[in-house]
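Colleague: Hi! Could you walk me through this model? I'm still new to reading structures.

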Amino acid sequence: MAKPVGLSHRPNVLFAASAERLAAAVRAAGGSDWVMATYLAGLSVECMLQALALHLVPTHDARHDLSAWLSKCPRSFRDTLLTQAGCERWNLLVAVWRNDLRYQSRAAFLGHLRRLGIIRGIKGGGDAIMRYSAKRVLESASFVHRKELFAWQRLTPS
Amino acid sequence: MATVDTKLVRLLRREFSDLRRHLHIDRRDQSIVGYIVSPDFNRMTYAERQKRLWNVLTRHLDEAEMHWIGPIAALSPAEAETLPDGLATPRSTPRGRKTSRPSKR
């Protein structure tokens, strides 16, 4: 059910928030907070997807499905992800990022990664696994975010 | 004549075992975006999954049909289990085994 657009659902607000969340993700990774780095990296992508989608159609369905938000974005942006590098990174984000990561402890996050089954072959203990995964999510989010930024600039020329 | 989305689903079902899918089909925009789930993607890297998926698509769809294809994530059943839209539950399970739906937040 679509809801009226509130302050946090305004494209300009979401655009600014996306950049701030990505910067916060980098800071969290710098402090070895792998759970928060992963959560914030994905959140920055989600914020920007919502900004792009709501700029076209101002209805927010309040769900956290990256694919659903991508489907509402301009086609020109979606097409920029259609490279081997773009598809691979998008796939990783959809597979690993969850909105409820913010509720997770380090142990729960490690459990999440183990359940996904994507951490085979990583040497080291739990911290090494979380670091590896968080860095990949952060790199993927940065990649997609750059594409989103170009799309946003095309949508909102100043 | 089959529509592109019908042909795509038929093709994906043929090429990937126990396929489930969540595709957003926009006929006005001629666009298909979303994700597919198959145990075939277990133990595959994301690069390998995308390579396999795009090999299938480019081998069987013509240029006009490929125009419809947007980013489609390829997920293992374990990855799909925690997605918010309920694709976690398999259509059929062995007798006596319970399935759980993902918690919604």
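Predicted model: local features only at pLDDT ≥ 70, side-chain atom pairs only at ≥ 80, totals over all residues.

Colleague: Thanks! How many helices and strands are there in the secondary structure of chain A?

Modeller: Chain A has seven helices and zero strands. Reading from the N terminus, the order is simply α-α-α-α-α-α-α.

Colleague: What does the C-alpha trace span along its principal axes?

Modeller: For chain A the spans are about 45 × 30 × 30 Å.

Colleague: What percentage of the residues in chain A is buried?

Modeller: Buried residues account for 46% of the 158 in chain A. There is also something to say about contacts within the chain. Take the contacts between residues at least 6 apart in sequence: 67% of them join residues at least 24 apart.

Colleague: Changing topic: how many residues of chain A are in contact with chain B?

Modeller: 25 residues of chain A are in contact with 25 residues of chain B. On the chain A side, the elements giving two or more residues are α3 (66-71), α4 (75-80), α5 (84-96) and α6 (106-116).

Colleague: Which of them gives the largest share?

Modeller: That is α5(A), with eight residues.

Colleague: What kinds of residues are on that side of chain A?

Modeller: The side of chain A that touches chain B has 10 nonpolar, seven polar and eight charged residues.

Colleague: Now the backbone. Which residue of chain A other than glycine has a positive phi near 60 degrees?

Modeller: That would be Ser32(A). You can find Ser32(A) in the loop between α1 (11-30) and α2 (34-56) of chain A.

Colleague: Is Ser32(A) buried or exposed?

Modeller: Ser32(A) has 12 other C-beta atoms within 10 Å. The cut-off for exposed is 12 or fewer, so Ser32(A) counts as exposed.

Colleague: Where does Gln30(B) lie?

Modeller: Gln30(B) sits in the loop between β1 (20-26) and β2 (31-37) of chain B. Gln30(B) is not a glycine, yet has a positive phi of about 50 degrees.

Colleague: How many other C-beta atoms does Gln30(B) have within 10 Å?

Modeller: Gln30(B) has 15 of them, so this residue is partly exposed.

Note on methods: Residues numbered from 1 in each chain as written. Chains lettered and ligands numbered in written order. Helix = DSSP H or I, 4+ residues; strand = E, 2+ residues; numbered from the N terminus. Buried ≥ 20, exposed ≤ 12 C-beta atoms within 10 Å, placed from the backbone. Contact = placed C-beta atoms within 7 Å. Nonpolar A, V, L, I, M, F, W, Y, C, P; charged D, E, K, R; others polar.
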